[in-house]
Amino acid sequence: MDWLDALILGIVQGLAEYLPISSSGHLVIFREILGLKLQGEDALQFDVILHAATVCSTVVVLWPLFRDLCKSFFTFSKDDNFWYVIKILVSCIPIAIVGFCFKDLVEGLFSGNLTIVGICLLATACLLTFAHFSDRLMNGRMVSASRGRDITFADAITIGVAQAVAVLPGLSRSGTTIATGILIGDKRDKVASFSFLMVIIPILGEALLSVKDIIAGEASDATPVSTTCLLIGFITAFVVGCVACKWMLNLVKKGQLIWFAVYCLVVAILCLVW
């Protein structure tokens with residue numbers, strides 16, 4: 001991998017983490033296009049760095065909300081923000097179970113199998129389409145982003161299960177969690193922010209474990225990913241992620257996710273016939 005490869009993958013991650021098109025799936029696709037043969041821990045290490053960058057983008061874009069949530073939680077204010085954080089923690093339970101119990105299986109799915117990516121992108125397209133038309137059937141043609149209910153604890157665990165399933169490459173995490181929230185009746189302007197905030201804990205947890213392995217010398221000794229490439233990928237993913245996060249929040253409010261379903265369908269077909 002050279003600096004240009006890292007730059008391209010950083011752009012892909014920054015866009016695809018927030019847009020409902022699957023960042024993991026697109027990283028697999030672009031590694032194939034670029035002829036990169038990252039496997040196992042090497043691929044996972046670089047992906048974790050890129051995901052950590054987009055977590056930072058989320059914190060920057062949602063800083064006012066993030067700051068208030070942290071203040072309420074760490075001061076045990078027991079207000080709405082405090083319980084909002086508890087809901088986020090509850091939503092992380094399913095992905096934690098998957099991470100601890102099925103880590104090796106999940107890592108095996110990131111080995112560059114375009115067939116799996118294509119099938120999961122097709123599932124993403126179907127889910128986004130179903131959520132789009134379901135939303136309009138329930139709320140009428142002119143849909144308001146504020147219609148629906150606030151996220152409950154039951155909703156949080158349901159969205160959390162959706163996030164756990166979305167570890168599959170090609171199944172968009174943001175698309176799956178946002179669509180699930182819409183389908184169960186949550187407000188679109190609330191579920192998008194919740195979706196972006198709920199991924200912070202699992203991604204940072206994975207990043208910390210990766211750093212621990214590197215320090216302990218347990219990561220692959222023959223990794224072709226240099227420090228320079230990791231830095232370029234991180235900075236690129238962070239900058240592009242800030243732009244994409246703001247864009248996605250507006251798109252969800254306007255109910256314009258159907259176009260991404262079309263995109264996912266086209267890319268899925270290309271992956272399946274590649």
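Predicted model: local features only at pLDDT ≥ 70, side-chain atom pairs only at ≥ 80, totals over all residues.

Student: How many helices and strands does the protein have?

Tutor: There are 14 helices and 0 strands.

Student: What share of the contacts joins residues at least 24 apart?

Tutor: Take the contacts between residues at least 6 apart in sequence. Of these, 82% join residues at least 24 apart.

Student: And how much of the chain is buried?

Tutor: The protein has 274 residues, and 50% of them count as buried.

Student: Let's go inside. Which residues touch the most other members of the largest nonpolar core?

Tutor: L121, I178, F194 and M248 do. That core holds 48 residues.  There is also a second, separate core of 12 residues. Its members include L9, L36, F46 and C229.

Student: Back to M248. What is it in contact with, sequence neighbours aside?

Tutor: Leaving out neighbours within four places, M248 is in contact with Y18, L19, P20, I178, F196 and L257. One of these, I178, is also among the residues that touch the most other members of the largest core.

Student: Switching topic. Where does H51 lie?

Tutor: H51 lies in helix 3, which covers residues 40–61.

Student: Buried or exposed?

Tutor: Buried, because its relative accessibility is 15% and the cut-off for buried is under 20%.

Student: Which side chain does the H51 side chain make a polar contact with?

Tutor: That of S23, at 3.4 Å.

Student: What else is H51 in contact with?

Tutor: Beyond its neighbours within four places in sequence, H51 is in contact with Q13, E17, L27 and I203, as well as S23.

Student: Which residues make the nonpolar surface patch?

Tutor: I119, L122, W259, V262, L265, V266, I269, L270, L272 and V273 make it. The patch is about 960 Å². Two elements give two or more residues to it: helix 8 (114–139) and helix 14 (258–273).

Student: Which helix gives the largest share?

Tutor: Helix 14, with 8 residues.

Student: And where does I119 lie?

Tutor: I119 lies in helix 8.

Key
Residues numbered from 1 in each chain as written. Heavy atoms only, no water. Helix = DSSP H or I, 4+ residues; strand = E, 2+ residues; numbered from the N terminus. Buried < 20%, exposed > 50% of the residue type's maximum accessible area, 1.4 Å probe, protein only. Polar contact = N/O pair within 3.5 Å; in protein donor to acceptor, adjacent residues only side chain to side chain. Contact = heavy atoms within 4.5 Å. Patch = residues over 30% accessible without salt bridge, like charges linked within 9 Å, V, L, I, M, F, W, Y side chains within 5 Å. Areas by Shrake-Rupley, 256 points an atom, 1.4 Å probe, with all protein chains shown as cover. Salt bridge = Lys/Arg side-chain N within 4 Å of Asp/Glu carboxyl O. Core = buried A, V, L, I, M, F, W, Y, C linked by side-chain atoms within 4.5 Å.
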